[in-house]
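These are my notebook entries on a structure that is new to me. I wrote down each thing I looked up, in the order in which I looked it up.

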Amino acid sequence: MKQRICGARVIDPACGRDAVCDILIEDGVIAAVGEEFPAREEGEEVIDARGLVAAPGLVDMHTHMREPGFEAKETIATGTAAAARGGVTSILAMANTLPVIDSPERVAMLYERAKRDARVRLYTVGAVSKGMQGKEITDVEGLLRAGAAALSDDGVPLMNAQIMRRALQRMKPSGLPILSHSEDGDLVRTGVMNEGALSRKLGYEGRPAVAEELLLVRDGMLAADTGGYVHICHVSTKGSVAYIRQMKAAGVKITAETCPQYFTLTEEEIEKQGAMAKVNPPLRTQEDVEAILEGLKDSTLDCIVTDHAPHTAEEKSREVPKAPSGMVGLETSLALSLTVLHHRLGLPLSFVIEKMSTAPAKILQLKAGTLQPGAPADIVLFDPDEKWTVRPEHFASKGRNTPFAGWELTGRVRRTLVGGKTVYNAMDEL
């Protein structure tokens, strides 16, 4: 089957392209990108993309699909539908399901479910420790052979340095990272928000910034010691950005991510919205927000992810100390990033696409993040200037737990293609 996307502004950071041109697709693969092509053939699907940006589909390397075990919160079907609606064509699902994805057989099981139900490309993490208990290392090589795209105990800190060190050593030949949930478990065990004057005012136990920075430094040191590759999840503090910057300068194999909530919100949202703004690591101060933005600008922070973490309405209606942490983000991440980074700060569209597509694809060694000929036709078409209001009741995700409800954002996905197949079309919602 042949398709032609016509008249889009094509932005592809992988090759430096930013020009109005057409994209030819043959059998789900990019065939050519340019301005002059042969006449349209009979039966060729034509997508009029004038006024829209065409970019490589987003790669979200940090999501929680909740399946198996927590299907009341999310399923592969609903989570990947949310991804498609947000322009995300590849997702990495964390292993903290029930049962934990900690064996080659469970990796295979998840991929069978994804083959049946996923609307976008789903890759899975394998756990570093069995049952994510931090006591015994998993079959690292077996997990990789089964198709695990990385290893992580994300959801809980891996406090056992010996297991982390061994895992880094055994992952090294693959060139793939271990994703570190960098929070010292002993320091955050009872904390519900950022530790500081506001937590004391509200009477809540705090999660200090140093808890994130301690484990980050430990894992960076272990990566330096072993020559392994560590990727730091959901960076939230000024100190973390500074330590990662130092480690990169010293040649440590380390990359890092942050999420839109950490460059758009502060701890004050806990006072305003209660548990809806409760996440781990917690929202921090304005000083931290500014440091995260600087870290993105100078590439200390390599990519933007969502840490998409759906919960039921009942769970999030509880008092802050008793409510679970996490917020959904797949359907708002691009628009939030465009609103803040492009429209407010004036950073180029290519900057946003690089952080949300090209860079994470490179980290995970995926055939994604580019529109060059030969690449899969995983494409997002979006209007960078369209304004819209976040209405959680319209989400495809089962999760409605977002602190961005009612926000007016600028930049909206109009169509998402995976392998040339349209998996989301905004016109269908009219």
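In which helix does Ser357 lie? I kept in mind from the start that this is a predicted model, and I found Ser357 in helix 14.

Entry on Ser357. Leaving aside the neighbours within four places in sequence, I listed the contacts of Ser357 as Pro56, Gly57, Leu58, Val59 and Gly369. I also looked up Arg189, which is 168 residues from Ser357 along the chain, and noted that the C-alpha atoms of the two are separated by 34 Å.

Entry on helix 14 and helix 13. I then turned to helix 14, residues 349-363, and to helix 13, residues 333-344, whose axes come within 10 Å of each other and cross at roughly 140°. The two helices are therefore oblique to each other, and I recorded that helix 13 passes helix 14 in a right-handed crossing. On the side of helix 13 the contact is made by Ser333, Leu334, Ser337, Leu338, Leu341 and His342, while helix 14 brings Leu349, Phe351, Val352 and Met356 to it.

Entry on strand 6 and strand 7. Val59, already on my list of contacts of Ser357, has Ser90 as its bridge partner in strand 7. Strand 6, residues 58-63, runs parallel to strand 7, and four bridges join them. I saw that strand 6, helix 1 (residues 76-85) and strand 7 make a right-handed β-α-β unit.

Entry on strand 7 and strand 8. How many residues of strand 7 are buried? Strand 7 covers residues 88-93 and is mostly covered, with six of its six residues buried. Strand 7 is also joined by four bridges to strand 8, residues 121-126, and these two run parallel.

Entry on strand 5. Which strands does strand 5 pair with? Strand 5, residues 53-56, pairs with strand 1, residues 2-12, in the parallel sense over two bridges, whereas its pairing with strand 16, residues 379-389, is in the antiparallel sense over four bridges. I traced both pairings through Ala54, which is the bridge partner of Val10 and stands opposite Leu381 in strand 16.

Definitions and conventions: Residues are numbered from 1 along each chain as its sequence is written. This is a predicted model: local features need pLDDT of at least 70, side-chain atom pairs count only at pLDDT 80 or more; totals for chains, interfaces and linings use all residues. Side-chain values use heavy atoms; hydrogens and water are left out. Buried means under 20% relative accessible area, exposed over 50%, partly exposed in between (1.4 Å probe, protein chains only). Two strands pair if DSSP finds at least two bridges between them. A crossover is right-handed if, with the strands pointing away from the viewer, the path from the first strand over the helix to the second runs clockwise. Axes are lines fitted to C-alpha atoms, for helices over the stretch in contact, and angles run from 0 to 180 degrees between N-to-C directions. Angles under 35 degrees count as roughly parallel, over 145 as roughly antiparallel, 65 to 115 as roughly perpendicular and the rest as oblique. A crossing is left-handed if the near helix is turned anticlockwise from the far one by less than a right angle, and right-handed if clockwise. Contact means heavy atoms within 4.5 Å.
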